[in-house]
Amino acid sequence: MDYPDAETVVLVMDNLNTHNIASLYEAFEPKRHSPWPNARIHHTPKHGSWLNIAEIELSALTRQCLDRRISDLDTLNTELSAWQNATNTDQRQVNWQFTTHDARIKLRHLYPKN
């Protein structure tokens with residue numbers, strides 16, 4: 001196990017029909033007991049824009065923290081930790097401005113004609 005001292009390892013899995021606990025046993029040798037005794041599986045929302053939110057956060061991380069050359073791993077870890085703490089403290093939220101009404105106008109070619 002990569003993290004033997006961790007209290008809990010959270011495995012984030014999206015909700016594609018191919019991503020379930022059985023897919024882990026296809027990738028890893030099955031054992032009599034759980035190979036991940038301290039693992040917890042967290043599924044992403046079935047319907048939602050979690051991927052968009054992740055991409056927004058990665059973009060912000062790139063612009064705010066990784067926009068320069070960082071010379072060594074210790075400095076990188078310090079910078080990432082500081083960025084993460086500031087981001088978590090800020091507790092900002094995504095303000096979706098693309099409404100259902102807007103979608104019906106912009107994507108009208110996808111809707112059936114009555």
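User: pLDDT is the predictor's confidence in each residue, from 0 to 100; what mean does it have in the protein chain, and where is confidence lowest and highest?

Analyst: The mean pLDDT of the protein chain is 79, and 79% of its residues reach 70 or more. Confidence is lowest in helix H1 (residues 21-27), with a mean of 72, and highest in H3, with a mean of 93. This is a predicted model, in which local features need pLDDT of at least 70 and side-chain atom pairs count only at pLDDT 80 or more, while totals for chains, interfaces and linings use all residues. Residues are numbered from 1 along each chain as its sequence is written, and side-chain values use heavy atoms, with hydrogens and water left out.

User: What makes up the secondary structure of the protein chain, and in which order do the elements run?

Analyst: There are four helices and two strands, where helices (H or I, at least four residues) and strands (E, at least two) are DSSP runs numbered from the N terminus. Read from the N terminus on, the elements follow the order β-α-β-α-α-α.

User: How do you know that the span of helix H3 agrees with its number of residues?

Analyst: The expected span is 1.5 Å times one less than the number of residues, so the 18 residues of H3 (residues 73-90) should span 26 Å, and the 25 Å between its end C-alpha atoms agrees with that. At the start of H3, a side-chain oxygen of aspartate 72 comes within 3.1 Å of the backbone nitrogen of aspartate 74. Just after H3 comes glutamine 91, whose phi is positive, at about 50°, although this residue is not a glycine.

User: Why is glutamine 91 called exposed, and why is tryptophan 96 called partly exposed?

Analyst: Buried means under 20% relative accessible area, exposed over 50%, and partly exposed in between (1.4 Å probe, protein chains only). Glutamine 91 has 64% and is therefore exposed, whereas tryptophan 96 has 46% and is therefore partly exposed. The loop between H3 and helix H4 (100-106) holds tryptophan 96, and glutamine 91 also lies in the loop between H3 and H4. Across the protein chain, buried residues make up 11% of the 114 residues.

User: What makes the contact between glutamate 57 and arginine 92 a salt bridge?

Analyst: A salt bridge is a side-chain nitrogen of Lys or Arg within 4 Å of a carboxyl oxygen of Asp or Glu, and the side chains of glutamate 57 and arginine 92 meet at 3.0 Å, N to O. Glutamate 57 belongs to helix H2 (residues 50-64) and arginine 92 to the loop between H3 and H4, so the pair ties together parts that are 35 residues apart in sequence. With relative accessibility of 25%, glutamate 57 is partly exposed, and arginine 92, at 36%, is partly exposed too.

Notes
Polar contact = N/O pair within 3.5 Å; in protein donor to acceptor, adjacent residues only side chain to side chain.
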